[in-house]
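Dear colleague,

I am passing on the structure we spoke about, and below it you will find my notes on what turned up. Please read them alongside the model itself.

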Amino acid sequence: MRFLLFIGLAIPLIAAEPTAILIQRCLSCHNDTTRLGNLSLTSRTNAAYVLESKLLTRVTRGEMPPGGGLPPEERATLKQWIESGAPWESTLSARPRATSSFWSLQPLSNPGGTIDSHLSAALQAKGLKFSPPASRRTLIRRATFDLTGLPPTPAEIDAFLNDSAPNAYEKLIDRLLASPAYGERWGRHWLDVIRYGESHGYEQNHVRPNAWRFRDYVIRAFNQDLPFNRFMMEQVAGDLLDPGNPNVEIATGFLVAGPHDTVGNSNTAALRQQRADDLDDMVNATASSFLGLTVNCARCHDHKFDPIQQLDYYRLAAIFNGVNHGERPVASAEARARRNELAAPLDQAIKAAKDQLAALTASTTSRRETAEQAVRDKHRPAVTPFGVDESWPAAPARFVRFSAPQGFPGGLDEVELFSASGVNLAPTAKLNVSSTRIAEGNPDAYHARHLNDQSFDKRWFSEGAGPAFITIELPEPTATQKLAWSTDRARAFQGRFEQNTVAAYTIEISLDGKSWTPIASNVNRLPHRKPDLDRLITLEALSPADRATFETAEAELKQAEAQLKLVPPLPLAYAGVFKQPTEPVYLLKGGGVMQRGDPVLPASLSTLKHASFSIPLDAPEQNARLEFAKWLADDRNPLTPRVIVNRLWHSHFGLGLVATPSDFGFNGERPSHPALLDHLAQRLLAHGWHLKPLHKEILLSTAYQQSSTFNPAAARIDASSRLLWRFPPQRLQAEALRDSMLAVSGSLNPERGGPSFRLYKYTVDNVATYFPLDKFGPETYRRSVYAESARSIPNELLTVFDCPDSSLPEPRRVSTTSPLQALTLLNHGFTLSMADALEKRLSNASEPDRISQAFLLAYGRPPEPEELNESAKLIDTHGFLHFARALFNTNEFLYVY
């Protein structure tokens with residue numbers, strides 16, 4: 001097997017066959033259809049007249065194919081092949097790919113009909129038909145979960161069963177669509193599609209504390225039935241469409257909802273790569289979410305399968321060139337005015353003080369060199385993270401205390417105490433410290449033993465930023481003379497701690513550990529931070545009168561800044577920061593950030609012809625986003641309505657008419673019912689892009705209301721019910737499962753919106769660390785859509801039921817089956833808590849009634865007589881808690897039929 005695998009991998013690495021080179025590199029332009037340059041390379045007959053002259057010459061010069069020519073090894077292969085007579089036997093054909101005539105790029109057709117008429121025609125063609133209608137109990141459970149992600153209550157079920165009005169089901173749908181739970185359910189679907197997460201991802205993966213405002217915007221937009229074309233526009237340019245309206249401005253959180261590398265880098269190539277990756281995320285999210293196109297596949301070259309040029313990719317990237325990750329204030333004009341009224345006088349005072357300080361500093365220009373020398377002559381060298389020492393006249397001590405009133409920022413990698421004879425006493429001494437920072441998951445990471453281990457690869461950190469000390473205890477009194485320490489002795493951090501090392505300190509000695517004598521301190525050392533050193537030089541250069549004026553201005557500045565901190569800040573949202581680009585987007589040859597081609601104008605995709613725009617390079621950055629938003633939302637755009645109605649269908653029936661919801665290109669699935677897809681798109685436009693009326697049409701269809709009962713004869717023709725001869729049973733998504741357990745047990749916290757709750761403990765020490773909770777309290781009992789979603793951080797209950805990681809878009813969730821799911825529903829701490837809560841909820845009911853109520857809550861129906869008896873036996877033997885766990889672990893609870 002290894003041998004075969006090796007051979008399979010090795011073949012492409014050897015110089016490719018000449019005809020394979022032609023297929024891969026040449027036939028997309030030089031085939032029997034396009035005949036670019038009046039040349040076809042499909043057969044030797046067609047190509048004979050160029051093989052010995054033009055082809056070899058242009059390939060050798062690197063002129064063909066455009067964009068840099070062939071790799072050297074492929075040029076050599078073609079040269080050798082042509083010189084040997086260019087033998088080939090078969091006719092070559094280009095790799096199949098879509099053209100501008102591809103189905104999804106065509107204008108919407110208007111097939112008319114209804115949902116059921118389109119589906120019935122496809123069923124009849126296969127000798128199939130719809131299943132009988134589902135029961136009312138089944139229907140209310142199906143529709144309630146579908147539209148709200150929660151189970152119907154027993155009272156809601158009774159009301160529906162007893163409603164004899166002909167439009168009872170229609171009224172049910174209207175009520176569910178009006179419920180705030182609708183936006184929570186369908187907003188979650190959209191957050192999946194657009195890769196929404198509440199941490200940066202990458203190495204540091206810090207939380208974004210104000211990202212939740214965008215999540216709340218999405219939920220609110222669905223609940224308000226914001227027209228989807230407006231919804232698209234606001235997410236691209238909400239700050240421009242309704243400036244000063246925070247409920248719209250935060251919509252641009254869509255653009256920066258993806259991962260972002262926060263690790264600083266001074267390397268040009270690395271910085272360009274980080275920026276290119278940010279733009280790539282925006283391009284990919286926008287194109288796949290709204291257009292169903294894999295434009296990101298054209299980052300390095302023209303798309304191999306779809307009619308998308310590499311230039312198109314960079315046109316989109318240029319549209320977002322002014323978008324940067326970060327938070328910005330979002331507030332109404334009134335709120336800004338109120339804050340400005342309080343802050344403006346303080347801002348003016350701060351400016352006045354800074355201007356005065358700057359003027360006084362500028363007045364010393366001619367005297368600074370002399371003043372600096374005077375300052376240095378009066379002071380000792382500044383501290384440095386790479387190693388500092390303090391010496392004193394030899395003095396006996398058994399205890400030496402190293403105190404820092406502002407703590408030890410950056411930590412210490414070593415402390416050394418030297419005797420009068422130059423021996424390091426620390427390795428054999430006992431060390432006591434004020435405190436030690438504890439890293440979750442690695443308690444010894446910052447242990448005090450790193451202070452005297454004679455190694456510089458690990459550091460001790462004190463807890464917090466307050467006063468801290470290190471006490472060195474010697475076995476017996478010894479003549480001491482010097483203390484040395486460092487934060488980064490090995491210079492492993494390349495100066496990262498140069499401005500973050502202990503600067504204020506005192507060294508004391510004692511013979512008994514009770515009575516202390518100060519022996520050294522930082523007094524008379526130069527400041528280690530440049531601004532502090534510059535201040536000292538300025539004071540030295542000023543006259544006594546100007547020095548007093550300078551110090552007064554400093555005090556006024558400090559006071560004004562302190563008062564400004566007391567003014568309530570404007571709300572912040574992680575919704576992007578918009579700046580005029582300092583340089584254009586370049587077409588990158590092969591996608592390499594150091595291989596820049598020509599600058600690219602922000603422009604629409606050449607793939608779609610419904611409208612076009614191009615923005616000058618020197619135009620304000622917002623012009624490009626605004627034009628692009630309009631281009632997306634244009635009624636003539638054939639992709640945006642098709643893509644969103646397909647997403648609706650996908651979430652209602654478990655599979656879209658196009659089974660690849662974010663890929664309507666050549667590599668995506670073809671629509672199972674093309675005319676129905678266009679019919680739904682036309683209905684969306686007829687409804688003014690409102691989604692709720694379309695939901696209603698779908699739920700009122702016979703296809704949706706039919707039974708999910710299995711039919712062996714129909715299954716032999718259409719095993720997966722792709723043609724919808726029955727309603728496809730669907731397992732609850734992870735969030736709906738968790739929310740249902742909360743609802744059934746009576747524990748669901750009704751709080752909506754606002755900052756997210758955490759299902760983990762969050763700690764930060766340069767990089768973020770997340771520790772799953774093992775106990776859950778009421779503060780975590782809100783709906784799952786409000787749980788903070790950190791990237792790459794799984795939650796045991798949600799992840800085991802296929803809740804996706806927010807590092808990537810998830811337009812189509814997988815649904816796996818594993819033993820771990822059953823074990824989780826039986827034994828997870830959350831399950832046990834919910835089972836206990838259900839027992840308490842029903843504690844006042846009699847035994848038969850308690851079982852019946854549990855069935856109604858969990859399944860929406862009363863128990864059968866046999867179920868009632870078996871349940872009673874289980875409770876008698878093992879207790880109600882085990883019975884509740886069993887309810888949660890059944891297919892009837894887990895699936896919607």
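Asp-225 is buried, with a relative accessible area of 11%, where buried means under 20% relative accessible area, exposed over 50% and partly exposed in between (1.4 Å probe, protein chains only). Please bear in mind that this is a predicted model, in which local features need pLDDT of at least 70 and side-chain atom pairs count only at pLDDT 80 or more, while totals for chains, interfaces and linings use all residues. Residues are numbered from 1 along each chain as its sequence is written, and side-chain values use heavy atoms, with hydrogens and water left out.

Asp-225 lies in the loop between α11 and α12 (228-241), helices here being DSSP runs of H or I with at least four residues and strands runs of E with at least two, numbered from the N terminus. Its backbone has a positive phi, near 55 degrees, although Asp-225 is a residue other than glycine. Most residues other than glycine have a negative phi. Asn-205, also not a glycine, has a positive phi of about 55 degrees; Asn-205 sits in the loop between α10 (180-193) and α11 (212-223), and it is buried, with a relative accessible area of 7%.

A further positive phi, near 70 degrees, belongs to Asn-766 in the hairpin of β14 and β15, which has one residue between the strands. Strand β14 (residues 760-765) and strand β15 (residues 767-772) run antiparallel and are joined by six bridges, where pairing requires at least two bridges found by DSSP.

Turning to the helices, the axes of α21 (residues 639-653) and α22 (residues 674-686) come within 9 Å and cross at roughly 105 degrees, the axes being lines fitted to C-alpha atoms over the stretch in contact and the angles running from 0 to 180 degrees between N-to-C directions. That makes α21 roughly perpendicular to α22, a term that covers 65 to 115 degrees. In the contact (heavy atoms within 4.5 Å), residues of α21 including Ile-644, Val-645 and Trp-649 meet residues of α22 including Leu-677, Leu-680 and Leu-684.

Finally, the structure holds zero disulfides, a disulfide being a pair of cysteine sulfur atoms within 2.5 Å. Cys-300 counts as partly exposed, at 35% relative accessibility.

Best wishes

Conventions: Angles under 35 degrees count as roughly parallel, over 145 as roughly antiparallel, 65 to 115 as roughly perpendicular and the rest as oblique.
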